[in-house]
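The points can be read in order beside the structure.

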Amino acid sequence: MTNLPNSAKVVVIGAGIVGNSVSYHLAERGWRDILLLDKGPLPDPGGSTGHASNFIFPVDHSKELTALTLDSMAQYEKFGTLTTCGGIEVAREPARVEEFGRRMASATSWGVPAEIITPDRIAELVPYLDKNLLLSGFWTPSAAVVDPLRTGALMREHATALGALRIGAQTEVLGIETRAGRVSLVRTDKGDVETDTVVIACGVWSPRIARLAGASIPLTPAVHQMIDVGPIPELAATNTEIAFPIVRDMDTLMYERQSGADLEVGSYAHRPILHEPDDIPSIAASPLSPTQLPFTADDFDPQMQDALDLFPQVLATPGAGVRHAINGLLSLTPDGSPLLGETPEVAGLWSAAAVWIKEGPGVGRMVAQWMTEGHTEIDLHGADIARFYPHQRTSYHVRARASEGFNKTYGIVHPREQWSSNRGQRLSPFHQREVTLGAEFFEVGGWERPQWYESNRPLLDEYADRIADRQHEWDARWWSPISTAEHLAMRDRVAMIDLTAFAQFEFAGPGALDHVQNLAVAQLDRPVGRLVYTPLLGPAGGFRGDVTFVRLAHDRFRVVTGGADGARDRKWFTDNLPGDVTFADLTSSVCTVGLWGPRARDVLASVTDDDVTNEGFPFGTGRWITVAGVPVLALRLSYVGELGWELHAPFEQGLRLWDTLWEAGQPHGVVPAGIGVYGTTGRLEKGYRLMGAELDSEYDPVEADLALPKVKSQPFIGKEAYLEARARDRAAVLCTLTMDERRYPQGGEPILTPTGERITDAKGRPSYVTSAGAGPSVGAYLLMAYLPPRHAVEGEGLLVEYMGTRYPVTVARVGRRPLFDPADDRMKA
Amino acid sequence: MDVLVCVKRVPATGSEVPLTEDGREVDTRHLGFTIGPHEECAVEEAVRLVERHGGSVTVLTVGPPESAEQLRYALSLGADHAVLVETTDPDPDPQATATAITEAVATLSTPDLVIFGNESADAGNYQVAIRVAHALSLPIVSAVKAITIDPATNQARFQRDSPAGNETYEVDLPSAVAVKEGLNLPRYPSIKGRLRAKKTPIRTVNPELAPGGLRTLRFHSPPEATRETVILGRGPEAAPHVADLLTDLGLTILT
């Protein structure tokens, strides 16, 4: 195209696999007047798509990433650009053999055929490796290689044939202008294009392009080293691109795959080598391509030895040499997940970045659906670019976490594993006290939260007969029996829990009620002082969030949400904010301590003159009280099922509040309790659901058993779908199950029929463990899982697959009725 | 026979060479380094000669400590020994470079053949080989595209292209020679070669160097070539024009 149009409905920047896929799926969904730009030439503009190793192993522990991968494989297959060759992850170490047991569980959960195989079988499949180094293999017959450049070309062709797409190659974007917070124009070296929607699919350059519009895309370019060794006669003789399964040598963090006559060797074992998007050379200044940087041989030498050990013959073939060696650039993010969705900073500016070849087509389809319908059929809360708080969008944070995360690419990562870099960013006012009490800090949203307190170790003796020790190291990793003891002490006496990581917002003004009503399923037009817990739905009726509203005045609402969800929720709350509503983010000005347990009232009554009796301050209400001169917003509710309050105070008076409660609590045996109690043990006993675990956009309130008795007359987002969900039989319902044996699944494991069959519901969704944890007061280890009605029968026996073994479980509760204190007598005491 | 190959660490650039702001140097912050194509052929030829006739290959470079990377590359291709003549001046001129090489060679057992790339891939001064040969009183032929050794007579035969055909020189060993790309097809480094290279010690010498007489004032990038698209025709009618174009470019073989 010689001349750019003056305007376009949408400008997609970046013609790698992601930009092509977004353009194609927008066209498929009826978008017209799509303009796809790239600075480089087609079909290979020089980004990461052009040099990736292009193989796909479908199984990931993450449901979200596996779903995107499976969707992408189906698309590659449809375009005829997928070659199934199978893939084997091989174990050299016993810890990896155990990890394969967990990978099998994930494979079963997400419905990918896989098998654990012996070294002999590995050698049958890949005759040119040394099986003597190996202990076992995780065999995925459907693993494949794909051609993303060809796929992209076919996608462009298709969208062009629909009359939907125009393409501007070798067109550099110089600026993105905004008007009133929304994209208005894209400036390029070939002219300006008016548009109100831009998609940034620029891979490693994305941060630079986003910055043109005043937004951030928190990723860093990082090096992944690859070499091609050949010619190798055994491979050349196959006369094909790939005839043998791909090998992932997991314990050396490497892979080896046939590529024609060569063996391609790639590594995630070398030191993290990060680059700045602005420093990536231009096409003209690059010997190969901008994302194929000069190979730094010293970094790769140890891996060469590892590769030679596993492939001693083929890699030592006389005449075979390193024919191609690059420091290939890929995108790393602070948490390893993609960056998808509309940026929180600029309306109409979408990100489709930090995507691997294996997810590219699926990401394109989801982003196009999101742009068109406002939701995605695959839940993407973990990939939503809005998930980051401001400090997590800084280059400082991105580089720290990307450096730490790089070597975890093939690592064995425990689901509770904590990051060690860039900690200590957000500290509650109680932090010093917690340090003194020996808190073990876990991080959420950058906040340091005590998970348990070493000062409570003496409680282990007190409750020795009720605390189950975990024999297996994996079960006990990032965990302490102290959590169980804290839980029991809370149920017996009273506990203080730091909840400062909550995100808190206020809506005020004449339009506040209508605005919050539109967001919430529950009726919010309640008397001042009422607390309302409510799901927030997306347009298709799946969960978008769950929060607690407090009506502080006729025209003022406080909303409290989880620390993990605050950034996403903030965007959801402020999108389309009406002119007569003001919004304030109070997260950094309010601290919170939870005071719960049978003696909570005694403690609170001793430090306030306000009425905290059951009559004067009933359950489900909130009001301002004064504690030692500190104005406190006290909310009588509990996520752990106990009598007590969330006490919200001005941040700078938090320490005073903590010290006052602590001192007053001493005669009552107060203990500090960690998030292990709040988020897991106390919650699970009460059957409370967690956003991102039980609640995601693929499930609705009827299935989660959170539908309310009545539907309010006012409109709200997702209402139509919610009404439909209520009218039909639910395909699955959230249940609480108990482990019949002393093993401790961690979440994500498949629930199977008594004969070991995978369970799926009428919508094709699998039954898997959404949350898992101890229930110390009910004497059982608890799992939550959605089950189809035929299995959702209390007392029914099923199986859970954990670490390669199937254990019996029993359906203990169908729906939300809790195992512990089902009548809520304690909370309402 | 003992062969010495001299190589130079040069930036690996694309079609556009980035310059520092003052224009005095190539901006290498984001560039990798390599040896030039002539020198790749020089190393390959040395390795082949020793494979055929026995002896050993020593590779030598003059440059900063980082030049060890290029020595290890040559070792991975099959060179046996490596010498790094370390300089404080990051880019010594041809005169200083030649002096450094000459002094370093004096510390080695006298090679039978000293092979240079015809000119360095970056500066292209065409001087070092001739200066070294002169200083060591060795015969030298440049632009050589074929080498044969006759051990019986201890002579070398060097062949090079000329506009009229080609020229062949016979010289007595020891000799120097400056070779050009096309001399051979260099091999790729093998994995084992690379692992061996990693373990081979590099001998470092630190000569006192007087600066030479050549100073770089500044570089200028050539004006961007304007590109023009000419449509040669459409469908079958385009074929003769395409054939003419390929002939003009010298890409067709007339039989």
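How many helices and strands does chain B have?

1. Chain B in outline. The model is a predicted one. Within it, chain B is built from 6 helices and 11 strands. Its C-alpha trace extends over about 65 × 50 × 40 Å along the principal axes. Of the 255 residues in chain B, 37% are buried. When contacts in chain B between residues at least 6 apart in sequence are taken together, 71% of them join residues at least 24 apart.

2. Where the chains meet. Contact between the chains involves 18 residues of chain B and 20 residues of chain A. On the chain B side, helix 5 (residues 191-199) gives the most, with 5 residues. Sorted by class, that side of chain B has 7 nonpolar, 6 polar and 5 charged residues.

3. An open sheet in chain A. What is the order of the strands in this sheet of chain A? The sheet has 5 strands in the order 26-27-28-25-29, and the pairing is antiparallel. Strand 26 (531-537) and strand 29 (582-585) of chain A are its edges, each pairing on one side only. From one strand to the next, the twist averages 25°. In general, the strands of a sheet are held in pairs through backbone hydrogen bonds, in a parallel or an antiparallel sense.

4. One pair within that sheet. Strand 26 of chain A is joined to strand 27 (residues 543-553) of chain A by 7 bridges, in the antiparallel sense. For a point of reference, Pro535(A) stands opposite Asp546(A), which belongs to strand 27 of chain A.

5. Helices across the sheet. Helix 15 (residues 512-519) of chain A lies across strand 25 (503-508), strand 26, strand 27 and strand 28 (556-561) of chain A. The angle between helix 15 and strand 25 of chain A is about 135°. Helix 16 (residues 566-574) of chain A lies across strands 25, 26, 27, 28 and 29 of chain A. Helix 16 runs at about 15° to strand 25 of chain A.

6. Cis peptide bonds. Leu42(A) and Pro43(A) are joined by a cis peptide bond with omega of about 10°. Pro43(A) is found in the loop between strand 2 (34-37) and strand 3 (55-56) of chain A. Another cis bond runs from Gly230(A) to Pro231(A), where omega is near 0°. Pro231(A) is in the loop that lies between strand 14 (220-230) and helix 7 (233-236) of chain A.

7. Positive phi outside glycine. Asn239(A) is not a glycine, yet its phi is positive, at about 55°. The residue sits in the loop between helix 7 and strand 15 (246-249) of chain A. Why is Asn239(A) classed as exposed? Asn239(A) counts as exposed because 9 other C-beta atoms lie within 10 Å, and the class takes in residues with 12 or fewer. Trp478(A) also has a positive phi, near 55°, and is placed in the loop between helix 13 (473-476) and helix 14 (481-492) of chain A. Trp478(A) has 15 other C-beta atoms within 10 Å and is therefore partly exposed.

8. An annotated span. An unreviewed UniProt entry carries the annotation "domain: Aminomethyltransferase C-terminal" for residues 734-812 of chain A. In the model this span is 0% helix and 47% strand, and its end C-alpha atoms lie 11 Å apart.

Key
Residues are numbered from 1 along each chain as its sequence is written. Chains are lettered from A and ligands numbered from 1 in the order in which they are written. This is a predicted model: local features need pLDDT of at least 70, side-chain atom pairs count only at pLDDT 80 or more; totals for chains, interfaces and linings use all residues. Helices (H or I, at least four residues) and strands (E, at least two) are DSSP runs, numbered from the N terminus. A residue is buried if 20 or more other C-beta atoms lie within 10 Å of its own, exposed if 12 or fewer, and partly exposed in between; C-beta atoms are placed from the backbone. Two residues are in contact if their C-beta atoms, placed from the backbone, lie within 7 Å. UniProt positions are given in the numbering used here, feature names are shortened, and annotations may be inferred rather than shown by experiment. Two strands pair if DSSP finds at least two bridges between them. Axes are lines fitted to C-alpha atoms, for helices over the stretch in contact, and angles run from 0 to 180 degrees between N-to-C directions. Ala, Val, Leu, Ile, Met, Phe, Trp, Tyr, Cys and Pro count as nonpolar, Asp, Glu, Lys and Arg as charged, and the others, Gly among them, as polar.
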